[in-house]
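Please look over the model below before reading the points.

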Amino acid sequence: HSGKVHTHQLTGKNTRYCFKPEISEKEVTTEPFSVLCVDPKAELEWVKYDWKNAIPNMFGDDGVPKGIVTAGKNCFVGRGFVLGDKDKLQPGLIHTDDRSAKGVYQINLLYGNRCHRERNFEYLVIKDKETDVKDVPAK
């Protein structure tokens, strides 16, 4: 499963959420869960996905953007604004098998107990190819 960790502002308690098949979110209590960790010395860049002028199959067999951060097979790390609201920037995942009929990629964002799909998003790139990216289990 893929998901996010949310820290409650008042209690400091970490709550973990993941996608459910019904395109919503659920609290994770016993399932395996991992968190993306990157060396603090790495140079990160958020690259805007221009869906209006997108390269066909840019995340597919023709190759992916150099340094893009993966989160599994055909899945990449990104972020976007839920419903275009500039106050709701959320991490999310770009599943390359999940494109519109016109070949436009979308990002899946967990917010408000639902999974939102947006076509305006940024994908994460590590510019320093020497830096190791690790998928570490959460505690």
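1. Basis. This is a predicted model, in which local features need pLDDT of at least 70 and side-chain atom pairs count only at pLDDT 80 or more, while totals for chains, interfaces and linings use all residues. Residues are numbered from 1 along each chain as its sequence is written, and side-chain values use heavy atoms, with hydrogens and water left out.

2. Fold. The chain has zero helices and eleven strands. Helices (H or I, at least four residues) and strands (E, at least two) are DSSP runs, numbered from the N terminus. Along the sequence the pattern reads β-β-β-β-β-β-β-β-β-β-β.

3. Burial. Of the 139 residues in the chain, 31% are buried. Buried stands for under 20% relative accessible area, exposed for over 50%, and partly exposed for what lies in between (1.4 Å probe, protein chains only). The areas come from the Shrake-Rupley method with a 1.4 Å probe, and for residues only the protein chains shown count as cover.

4. Salt bridges. How many salt bridges does the structure hold? There are four, a salt bridge being a side-chain nitrogen of Lys or Arg within 4 Å of a carboxyl oxygen of Asp or Glu. In general, side chains of opposite charge can pair when their charged atoms come close.

5. Glutamate 43 and lysine 127. These two side chains form a salt bridge with an N to O distance of 3.9 Å. Glutamate 43 sits in the loop between strand S4 (34-38) and strand S5 (44-49), and lysine 127 in the loop between strand S10 (121-126) and strand S11 (133-137), so the bridge ties together parts that are 84 residues apart in sequence. Glutamate 43 is partly exposed, at a relative accessible area of 46%, and lysine 127 is partly exposed too, at 47%. A network of salt bridges links Glu43, Glu45 and Lys127.

6. Glutamate 122 and arginine 79. Here the side chains meet in a salt bridge at 2.5 Å, N to O. The pair links distant parts of the chain, with glutamate 122 in strand S10 and arginine 79 in strand S6, 43 residues apart. Glutamate 122 is partly exposed, with a relative accessible area of 24%; arginine 79 is partly exposed, with 24% relative accessibility.

7. Lysine 88 and aspartate 85. A salt bridge joins these side chains at 3.6 Å, N to O. Lysine 88 has a relative accessible area of 23% and is therefore partly exposed. Aspartate 85 is partly exposed as well, with 28%.

8. Positive patch. Lys48, Lys52, Lys86 and Arg119 form a positive surface patch. Patches are made of residues with over 30% relative accessible area and no salt bridge, with like charges joined within 9 Å and nonpolar side chains (Val, Leu, Ile, Met, Phe, Trp, Tyr) within 5 Å. Lys and Arg count as positive and Asp and Glu as negative, while His and the chain ends are not counted. Each charge is placed at NZ of Lys, CZ of Arg, CG of Asp or CD of Glu.

9. Cysteines. The structure holds zero disulfides, a disulfide being a pair of cysteine sulfur atoms within 2.5 Å. Cysteine 75 is buried at 4% relative accessibility, and cysteine 115 is buried at 6%.

10. Which residue here has a positive phi although it is not a glycine? Asparagine 74 does, with a phi of about 55°. Most residues other than glycine have a negative phi, and most peptide bonds are trans. Asparagine 74 lies in the loop between S5 and S6 and is partly exposed at 29% relative accessibility. Valine 69 is also placed in the loop between S5 and S6, but valine 69 is buried, at 2% relative accessibility. Its C-alpha is 9.4 Å from that of leucine 36, 33 residues apart in sequence.

11. Glutamine 90. This residue is in strand S7. Is glutamine 90 buried or exposed? Its relative accessible area is 13%, so glutamine 90 is buried.
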